Structure formats: structure tokens, C-alpha cells
Number of protein chains: 2
Amino acid sequence: MIDPTRQDEIRKSIELFYFSYRAFTAQPDQILEQRGLGRVHHRILYFVGRNPDITVNGLLKILSVSKQALNTPLRQLIGMKLVSIRPALHDARFKQLHLTADGEKLEAQLTGTQISHLAAVFGKTGRNAEVEWQKVVREIADIDG
Amino acid sequence: MIDPTRQDEIRKSIELFYFSYRAFTAQPDQILEQRGLGRVHHRILYFVGRNPDITVNGLLKILSVSKQALNTPLRQLIGMKLVSIRPALHDARFKQLHLTADGEKLEAQLTGTQISHLAAVFGKTGRNAEVEWQKVVREIADIDG
DNA sequence: GCGTCGGGTCAATCATATTGACATTATATT
DNA sequence: AATATAATGTCAATATGATTGACCCGACGC
């Protein structure tokens, strides 16, 4: 059992986590809405941008969604010429994805709001807070390194 | 413009934020699924538990959802006798919500997994990291104090 | 009694997600 | 060459969820 007072402290953290994540996604969500897109589209753009030549299956694993759930938004992005898809040279079964110039623009706009947001926060809270915050989120996500 | 190297650093933080939030909600999501409930139900249970006698409108504002979106899950919780609803004494137009004994049990179970998760993380990263992490998420959420 | 307020519901629509099944194309195996 | 397997794509059926708009009720203030 955890001390009740301690539990209340941690509940504060839980609430802040929730509200912070919501605030963090609010701006890109708004931009996406104007284009009739959703958060999934942003995630696709983000991870394709960060992992050029990623395969469809690789993207599925990162996003932890079914291929059917990925199919529609991915096709939309390809149709809008924001993402391109082409067979891999070494094995044509694999299709590789990457952002087009327009896709890079939109991705930069969407993630740009979040980068500015975080940069402003870290600027205010300081270097030490940034480093410690990273340690904690990395630990929550259970990622080594 | 922000320095590209700096941008990449912050992108790391963005990814960690995303993966950590996903990992953080995974356990309660699993428990909820077994009961045919979703994340909204957890949020309702959480905030009703934290704010006894909260009104329906108060809950709407905290959750930032429409009353139609709240209606179904809230009715389900009331039907399952996890949440009770009754007119306020001072003004019978207002309905006040609170958790039943069963509701408290489930809420404790759901949030309990998250409390344990965070307690373990903070135990590992230390007091300083906890304090600094809180400062950052509070700033991201744009909450004073 | 009348206007207003908090709350509840219905309808129509749209989006999203899920499972299962099946098709296609390309590579690997024998 | 025939066959099995891998990566991807798609269709169908279903379920869920959210949104907007409209409308209703009961309770309160005046």
C-alpha cells in the first residue's frame, strides 16, 4: 500500500499529465481539422518524416494500429500527395514511404507548433528541468537509454 | 527560427511524450476493455471521485466534451451503479455526481495502476526529477501555481 | 405566469475501428 | 516450373463514437 498523502501527490501528477497532453495536441489538432484530417494523419506524417523509407509494416508497428485502421488515412495522404509510396529496390514486396515537399511543409507546420510550445516551456523552466523531465517520460515509456 | 539541432532534440522529447502517454494509459485501458468501457468512463470516474458533488456541467467543462458525448457513458456508469446522481439541495436544477462504493473500487483499481506506475518511475528517477517533471507538465498545460 | 437555466434526449450524419476473408504481387524454396 | 510464403491492399459487415441541431422537461427568479 502506498501512503494516502503520497497517492494524492501522485494524483496531481496524473491530472497534470492528462491536461498537459491535451494542451500539447490542441494546436496541431486545430490545423488538421481545417484540412479534414485527424491526429492519425499527423502521426503518419511525423513518423514517415523521421524515418524516411520506412515500410508500411514498420509504420504499423510504431503506431500500434491494425493495417485496416492505417489504410484509409495513409491512402488519403498519398492521394493528397503529401506522402509518396514506392517499392523498395532490394525487395519489391516492401513499399517505402517518405514525405513529399508538400508533406514536409505540413509536417513542419504541425510539429512546429509543438516544438515552439516545448521550446517555450523549457526556456522558462530551464535546462535542468528539461533533462529531468526527459528522464521521467523516458522511464514512463519504459525506453532504455 | 529555432536551431535545427535544437529542433531534433525537442523532437526526441515529443516522441517520448507520445510514447509515455500511450504506455501510461495502456493498463487502465485493458481493465476497462474487459468491462466494455472506454477511456471516457475512466475520466468520468476519476474526476467525479476527485470532485464529489460536481455538477454535470462542471464535469463537461473539465473534460471539454459536449453534453451529448458525455451523456451515453455517464448513463452507463449510473446504470451500472458506479456513479450516483441526485438533485442539489440548494437548487434542484443542478444534479450532483459522486462515486458509489463500487465506483470507488473500480476507480481505485484503474487509477491505482497509474499511481503504481508513476510511483515506480519517481522512485527510480528520484525526488528532484519528480519535482522538475511536475514543473514542466504544469507549464505545458499552462496552469499557474 | 414568464423567461431563463441546468439537464436530458432524439435524430441524422460522419468518422473511426475491428475482424475476417480474400486478392495481388514478389520473393524464396524445392 | 510449381508451390509456399511474405508484404501489402481491399472489401464487407459491424460496432462505436462524436457532432450538430432541435426540442423537451423541471426548477428557479421575478
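This is a predicted model: local features need pLDDT of at least 70, side-chain atom pairs count only at pLDDT 80 or more; totals for chains, interfaces and linings use all residues.
Residues are numbered from 1 along each chain as its sequence is written, while chains are lettered from A and ligands numbered from 1 in the order in which they are written. Helices (H or I, at least four residues) and strands (E, at least two) are DSSP runs, numbered from the N terminus.

**How the two chains are related**

- A rotation of 180° superposes chain A on chain B, with 0.0 Å of shift along the axis and an RMSD of 0.0 Å. The two copies are thus related as by a two-fold rotation axis.
- The superposition is by least squares on the C-alpha atoms of residues with pLDDT of at least 70 in both copies.
- A:Trp133 comes closest to the rotation axis of the residues of chain A, with its C-alpha at 2.2 Å.

**Where the chains meet**

- In chain A, 34 residues are in contact with 34 residues of chain B. Contact means that the C-beta atoms, placed from the backbone, lie within 7 Å.
- On the chain A side, α1 (4-34), α5 (101-125) and α6 (127-141) are the elements that give two or more residues. The most come from α6(A), with 12 residues.
- That side of chain A has 20 nonpolar, 8 polar and 6 charged residues. Here Ala, Val, Leu, Ile, Met, Phe, Trp, Tyr, Cys and Pro count as nonpolar, Asp, Glu, Lys and Arg as charged, and the others, Gly among them, as polar.
- The copies meet through the same surface, because 100% of the interface residues of chain A are also interface residues in chain B.

**The sheet in chain A**

- An open sheet of 3 strands runs in the order β1-β3-β2, with antiparallel pairing. Strands pair if DSSP finds at least two bridges between them.
- β1 and β2 of chain A are the edge strands, and each pairs on one side only.
- Strand β1 (residues 54-55) is joined to β3 (residues 95-99) by 2 bridges. A:Thr55 has A:Gln96 as its bridge partner in β3(A).
- Strand β2 (residues 83-87) is joined to β3(A) by 5 bridges. A:Val83 has A:Leu99 as its bridge partner there.

**A helix pair in chain A**

- α1(A) and α2 (residues 39-50) pack at an angle of about 100°, with axes 9 Å apart. They are therefore roughly perpendicular (65 to 115 degrees).
- A:Thr25, A:Pro28, A:Asp29 and A:Leu32 of α1(A) make the contact with A:Arg39, A:His41 and A:His42 of α2(A).
- By class, this contact has 2 nonpolar, 3 polar and 2 charged residues.

**Around DNA strand D**

- There are 20 residues around DNA strand D, of which A:Thr55, A:Asn57, B:Gln68, B:Ala69 and B:Ala92 come nearest. A residue is near the strand if its C-beta atom, placed from the backbone, lies within 6 Å of it.
- α3 (56-63) and α4 (67-79) of chain A, together with α4 (67-79) of chain B, each supply at least two residues of this surface. The largest share, 4 residues, comes from α4(A).
- The surface has 7 nonpolar, 7 polar and 6 charged residues.

Key: Two residues are in contact if their C-beta atoms, placed from the backbone, lie within 7 Å. Axes are lines fitted to C-alpha atoms, for helices over the stretch in contact, and angles run from 0 to 180 degrees between N-to-C directions. Angles under 35 degrees count as roughly parallel, over 145 as roughly antiparallel, 65 to 115 as roughly perpendicular and the rest as oblique.
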